[in-house]
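Let's take a walk through this protein chain, strand by strand. Have the viewer open and follow along.

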Amino acid sequence: MSIATINDDTFAVSLGNSEVKVWSKMLVPGETPDMESRYVWSVVSAINFRDMNVKQIVPSVRLRLSNVA
């Protein structure tokens, strides 16, 4: 299994085959007015890399620096 983080709420997963699924955290509204909204993980896309000779998927890396007191 390979996992690549895309950002804080999205990542790509491959189980060693030619398909990569992109998961993202999504806000789901409550089913009734008295139920609260909640976050769930959902597959937002699937990419099939068969016959494309892809060896590795590398997401862009961004670093954020902050001053912590």
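What follows starts with the ground rules, then moves from the overall fold to single residues.

This is a predicted model, so to speak of local features we need pLDDT of at least 70, side-chain atom pairs count only at pLDDT 80 or more, and totals for chains, interfaces and linings use all residues. Residues are numbered from 1 along each chain as its sequence is written, and side-chain values use heavy atoms, with hydrogens and water left out.

Start with the big picture. The protein chain has zero helices and four strands, and reading along the sequence gives the pattern β-β-β-β. Here helices (H or I, at least four residues) and strands (E, at least two) are DSSP runs, numbered from the N terminus. Of the 69 residues in the protein chain, 13% are buried; buried means under 20% relative accessible area, exposed means over 50%, and partly exposed is in between, with a 1.4 Å probe and protein chains only. The accessible surface comes to about 6300 Å², and carbon and sulfur atoms own 52% of that. Those areas come from the Shrake-Rupley method with a 1.4 Å probe, and for residues only the protein chains shown count as cover.

Now for the sheet. The four strands make an open sheet in the order β1-β2-β3-β4, with antiparallel pairing. Its edge strands are β1 (2-7) and β4 (38-48), each of which pairs on one side only. From one strand to the next, the twist averages 25 degrees; axes are lines fitted to C-alpha atoms, for helices over the stretch in contact, and angles run from 0 to 180 degrees between N-to-C directions. Two strands pair if DSSP finds at least two bridges between them. In general, strands of a sheet pair through backbone hydrogen bonds, either parallel or antiparallel.

Follow the chain from β1 into β2. A hairpin of two residues joins β1 to β2, and these strands pair in the antiparallel sense over five bridges. Within that pairing, Thr5 stands opposite Phe11 in β2.

Thr10 stands opposite Ser24 in β3, while the bridge partner of Ser14 in β3 is Val20. Four residues lie between β2 and β3 in their hairpin, and Gly16 in the turn has a positive phi of about 95 degrees. Strand β2 is mostly covered, with four of its five residues buried.

Which class does Phe11 fall into, buried, partly exposed or exposed? Phe11 lies in β2, and it counts as partly exposed because its relative accessibility is 23%. Leaving aside residues up to four places away in sequence, Phe11 touches Ile3, Ala4, Thr5, Ile6, Lys21, Val22, Trp23 and Trp41, where contact means heavy atoms within 4.5 Å.

Together with Met1 and Leu15, Ile3 forms a nonpolar patch on the surface, with about 390 Å² of accessible area in total.

Notes
Patch = residues over 30% accessible without salt bridge, like charges linked within 9 Å, V, L, I, M, F, W, Y side chains within 5 Å. Salt bridge = Lys/Arg side-chain N within 4 Å of Asp/Glu carboxyl O.
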